[in-house]
Amino acid sequence: MKLNDKVVLLTGASGGIGSALARLLVKKGAGLALMARDIRRLSELREDLGGAIIAVAGDVGDKRDAERAVKETISRFRRLDVLINNAGVAYYGSIERMDMKSFGVMMKTNVEGVIHMIQGSLPFLKKTKGMIVNISSVAGRRAIPLLGAYAGSKCMVDALSDALRVEVMGYGIKVLNFCPPEVDTRFAKNAFKESGVDFEKQKNIRRIMTLRPEKVAGMIVRGIEKEKREIVVMKSVQPVNYLMPGVLDRLFYQFIMKPYHDRYS
Ligand SMILES: NC(=O)c1ccc[n+]([C@@H]2O[C@H](COP(=O)([O-])OP(=O)(O)OC[C@H]3O[C@@H](n4cnc5c(N)ncnc54)[C@H](OP(=O)(O)O)[C@@H]3O)[C@@H](O)[C@H]2O)c1
């Protein structure tokens, strides 16, 4: 799909991967509807980028907000070609001590939010034979300790993408499921966290595997242009987990759980 003159509704546009995507999509000539809860940051981005952009304040976990975002997109642009479900939040913590209120908000954002946005957008995507892009995570392919609930929410995004792809095939709508590895954004800072769990501390060790948001945005845009069905960055996670899951268990124990236990014992 060529993005020039297409209309894209992008959630989670106020930071990280979403802001980088917005910048690239504007360069490609797309009209943009940017959605997030922080309208101040969205408005700053809109001013900075110029062009055909609207900013919509809203929580994807709230069905009415999702419907309003679609409505405002249509009233401004009269069409919708691409929905990008990028808004997301993590929960860092053990299953033993999981705070179920934070867990609930995370699931509402990462899973219900995706469904709300899809339901609101489908009537218009059917008219344009458009595309839905779900931003999942490699964490959904092999859960990491202390990120079990988040990984589970992304497994669900993977499942929704696979089912949806076939459900909307007859309408000519494409579905791209995009699974990035760790990306250098404020994601860890913005996450719900169990007290004492700090993934930021180990960031230096992981830096070699961490991607810049601009690079990830480029991969997503190329995926849209080539109408890919799925992109899993760091695909090696899957065969390694298939062939030697026990080795991964021990590595994760050594580097993540041992320091965690040391802190609590
Ligand atoms: N960074 C990583 O390492 C990484 C790795 C794999 C996958 N991902 C996925 O990539 C996506 C983007 O993450 P990021 O790294 O760019 O994180 P980020 O910097 O924390 O940005 C998250 C975006 O989502 C928005 N958001 C959060 N909750 C929302 C809600 N309820 N309703 C509407 N917007 C909401 C935030 O804006 P407001 O706070 O203004 O609402 C923000 O714009 C997420 O789906 C994440 O799971 C990230």
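These entries record what I looked up in a predicted model.

**Ligand shell.** I began with the surroundings of the ligand and counted 29 residues there. Gly12, Gly16, Arg37, Asp38 and Gly88 are the closest. I then sorted the shell by class and found 14 polar, ten nonpolar and five charged residues. H1 gives the most, with three residues.

**Helix H4.** I turned to H4, which has 29 residues, and checked its span. From first C-alpha to last, H4 reaches 40 Å, close to the 42 Å expected at 1.5 Å a residue. I also looked for a bend and noted a kink of about 50° at Leu122. This kink lies shortly before the proline Pro123. Just after H4, I found Lys129 with a positive phi of about 50°.

**Nonpolar core.** I looked up the largest nonpolar core and noted 68 residues in it. Leu10, Leu32, Leu34 and Val133 have the most contacts inside this core. H4 gives the most to it, with seven residues. I recall that nonpolar side chains tend to be buried together in soluble globular proteins.

**Contacts of Leu32.** What does Leu32 touch, not counting residues up to four places away in sequence? I listed Val8, Leu10, Ala22, Leu25, Val26, Ala52 and Ile53. One of these, Leu10, is itself named with Leu32 among the core residues with the most contacts.

Key: Residues numbered from 1 in each chain as written. Predicted model: local features only at pLDDT ≥ 70, side-chain atom pairs only at ≥ 80, totals over all residues. Near = placed C-beta within 6 Å. Helix = DSSP H or I, 4+ residues; strand = E, 2+ residues; numbered from the N terminus. Nonpolar A, V, L, I, M, F, W, Y, C, P; charged D, E, K, R; others polar. Expected span 1.5 Å × (residues − 1). Bend = angle between axes of the 7 residues up to and from the residue. Core = buried A, V, L, I, M, F, W, Y, C linked by C-beta atoms within 7 Å. Buried ≥ 20, exposed ≤ 12 C-beta atoms within 10 Å, placed from the backbone. Contact = placed C-beta atoms within 7 Å.
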